[in-house]
Amino acid sequence: MISQRFSQVSARRVFAQRPISPTSTRFSAPALITACKPLTQSRPAATQTVPEDEAYSILKAQRAARPVSPHLTIYQTQIPWTLSALNRITGIILSGGFYVFGAAYLVSPLLGWHLESSALAASFAELPTAVKLLLKFGVALPFTYHSWNGMRHLVWDSGRQFSNKMVVRSGQFVIGLTVVSSGALAVYGL
């Protein structure tokens, strides 16, 4: 392919330096046609001078007519990419929560905050039951989802259940397990 292209370019250069008359019989018909054609194509373009404000309005109209680059809104929501995004979001929430609480726990003696376990347990015990349930469910939900989805990924890493049908089915199973286990953890100990 490269040698063929190289020979074409070389032949064109040679023909450009020594034009061949159409009456020459040294070459076959296709080579003769190629040799007699001009090497560059040109087409006339008509332009006109436009005032600057009119040029801007033309440009603005052209930009309005251009298609906008599509984003997630053009795609139908599917379980695999939704759960993938949720797995990343829950990972950020969990790690961010641990870092923020860890940093707050370290600086609490300096700032006079009471973040000891006994103080946190006493303040949590004073909350109404519905608020306790919602708080526990809100903390358990990202933890259980990220854990169950991590198990799902470990199964995939072993090379099993990696067809499209099984990916969707295992995603639905993870959602069900997440809701049930988060509810069980929220209700436990009330």
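The questions and answers below take up the terms one after another.

This is a predicted model, in which local features need pLDDT of at least 70 and side-chain atom pairs count only at pLDDT 80 or more, while totals for chains, interfaces and linings use all residues. Residues are numbered from 1 along each chain as its sequence is written, and side-chain values use heavy atoms, with hydrogens and water left out.

Q: What makes up the secondary structure of the chain?
A: The chain has seven helices and zero strands, where helices are DSSP runs of H or I with at least four residues and strands are runs of E with at least two, numbered from the N terminus.

Q: Why are helix 4 and helix 7 called oblique to each other?
A: Helix 4 (residues 79-111) and helix 7 (residues 164-187) pack at an angle of about 45°, with their axes 9 Å apart. The axes are lines fitted to C-alpha atoms over the stretch in contact, and angles run from 0 to 180 degrees between N-to-C directions. Angles under 35 degrees count as roughly parallel, over 145 as roughly antiparallel, 65 to 115 as roughly perpendicular and the rest as oblique, and helix 4 and helix 7 are therefore oblique.

Q: Which residues make the contact of helix 4 with helix 7?
A: With contact meaning heavy atoms within 4.5 Å, helix 4 contributes Ile79, Pro80 and Leu83, and helix 7 contributes Val167, Val168, Gly171, Gln172 and Ile175.

Q: Why is Pro80 called partly exposed?
A: The relative accessible area of Pro80 is 32%, and the term covers values between buried (under 20%) and exposed (over 50%), with a 1.4 Å probe and protein chains only, so Pro80 counts as partly exposed. Leaving aside neighbours within four places in sequence, Pro80 is in contact with Val167 and Val168.

Q: What makes the pair of Trp156 and Phe162 edge-to-face?
A: Rings of Phe, Tyr and Trp (its six-membered ring) pair if their centres lie within 6.5 Å, and planes under 30 degrees apart count as stacked, over 60 as edge-to-face and the rest as tilted. By this rule there are two aromatic pairs. In the pair of Trp156 and Phe162 the centres are 5.6 Å apart and the planes are at 75°, so the pair is edge-to-face.

Q: How do you know whether Trp156 is buried or exposed?
A: Trp156 has 17% relative accessibility and therefore counts as buried, whereas Phe162, with a relative accessible area of 56%, is exposed.
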